[in-house]
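Please read them with the structure open.

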Amino acid sequence: MLWRTLLVPLTSLLLLLTASAGAGAAAASTGSPAGASAEAAAADYGAPGPYATAVEVGAVTTLYYPRDIATSDRRHPVIVWGNGTFAFPVVYRDLLLHWASQGFIVAAANTPQSNLGISMRAGIDLLTRRNADHGSPFHDRVDLEHIGASGHSQGGAAAIVVGADPRIDTILPIQPGPLADIDDVHVPALLLAGQKDSIVFPFLVKAFYNGADHIPAIYGELRGADHLTVVGDPGPFAAPTTAWFKAHLMGDQTASAQFFGAGCGICTDSGTWSDVRRNGLANR
């Protein structure tokens, strides 16, 4: 098991050395061409979205966002992100850029110890200031009324902690660590586990789900996934996480049908999911 313990920090270091240097520097990243069909992107939540993307690395927060946000004709919802232990946002770059390509602004905490959620809340504060700053490309382009929280491992626990913040509209913890209290959360939750995760065992994620009887909660266990499946290429995590945030932060009814209603898409997709559970408040 030692290799699992060491792989995330070593991956973090390797990717940091190859990432764009300099706090505050903005780096363009690839996305779908500007003319790509937004409707087609919505139909396949695992495919790149219609927005080309950019990255801004700050001292406390790294932003992943639609590159042409300054000239966008809309306000973009926010996702705050918490990293796993000893990890940094660049480790999850592919997933965070994927969300940005779908029209979200991702404020990723730079800390490798995210459990308290302090730096994740700081990302909301940063975007609040940027949205009010007439000289910022983010001016009046941040949808502060629609904010989600997500994270992996320790950062998944942090997403639960931050879920108590009244500014948060939904949470999506990925293989969350145990140091959080789901009773403090008052927004819908999608709790993701990996079938073959031997670090955060699925039963630990189910414990959060079982305790979430006061909110709409869904437990999803990805078939064959281990604790590091989401690192680098997010693979099976890309589509359901995007659909969840589109449903809750963008009002996408097609995305909502993946989780809710009699035709719940993930409920019948046994190829992707080894276990799916919906509590009474989510089973509508």
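The points below go from the whole chain to single residues.

1. Basis. This is a predicted model, in which local features need pLDDT of at least 70 and side-chain atom pairs count only at pLDDT 80 or more, while totals for chains, interfaces and linings use all residues. Residues are numbered from 1 along each chain as its sequence is written, and side-chain values use heavy atoms, with hydrogens and water left out.

2. Overall make-up. The protein chain has nine helices and 10 strands; these are DSSP runs numbered from the N terminus, helices being H or I with at least four residues and strands E with at least two. Of its 284 residues, 54% are buried. Buried here means under 20% relative accessible area, exposed over 50%, and partly exposed in between, with a 1.4 Å probe and protein chains only. Contact means heavy atoms within 4.5 Å. Among contacts between residues at least 6 apart in sequence, 67% join residues at least 24 apart.

3. Nonpolar cores. A nonpolar core is a set of buried Ala, Val, Leu, Ile, Met, Phe, Trp, Tyr and Cys residues joined through side-chain atoms within 4.5 Å. The largest one has 39 residues, and Trp81 and Trp99 have the most contacts inside it. At least two residues of this core come from each of strand S4 (76–82), helix H3 (93–101), strands S5 (105–109), S7 (170–174), S8 (189–194) and S9 (217–222), and helix H7. Another core, of 37 residues, lies apart from it and includes Leu127, Ile160, Ile171 and Ala217. In soluble globular proteins, nonpolar side chains tend to be buried together.

4. Helix H3. Seven of the nine residues of H3 are buried. These are Leu95, Leu96, Leu97, His98, Trp99, Ala100 and Ser101. Glycine 103 follows the helix and has a positive phi, near 105 degrees.

5. Helix H7. H7 covers residues 238–249, and its 12 residues reach 16 Å from first C-alpha to last, close to the 16 Å expected at 1.5 Å a residue; the expected span is 1.5 Å times one less than the number of residues. It is largely enclosed by the rest of the structure, because 11 of the 12 residues are buried. Just after H7, glycine 251 takes a positive phi of about 70 degrees.

6. Glycine 156. This residue is in helix H5 (residues 154–162) and, at 0% relative accessibility, counts as buried. Its C-alpha is separated by 5.2 Å from that of isoleucine 174, which is 18 residues away along the chain. Leaving aside neighbours within four places in sequence, glycine 156 is in contact with Gly151, Pro173, Ile174 and Pro176.

7. Isoleucine 215. The loop between helix H6 (202–211) and S9 holds isoleucine 215, which is buried with a relative accessible area of 2%. Residues up to four places away aside, isoleucine 215 touches Val185, His186, Val187, Ala189, Asn279 and Leu281.

8. Strands S2 and S3. S2 (residues 53–57) and S3 (residues 61–66) pair in the antiparallel sense over five bridges; pairing requires that DSSP find at least two bridges. A hairpin of three residues joins S2 to S3, and valine 57 stands opposite threonine 62 in S3. Four of the five residues of S2 are buried.

9. Disulfide. How many disulfides (cysteine sulfur pairs within 2.5 Å) does a search of the whole structure find? The search finds one, joining cysteine 264 to cysteine 267 with S to S at 2.0 Å. The torsion about the S-S bond is about 80 degrees, so the disulfide is right-handed. Cysteine 264 counts as buried at 1% relative accessibility, whereas cysteine 267 counts as partly exposed at 36%.

How values were computed
Disulfide = S-S within 2.5 Å.
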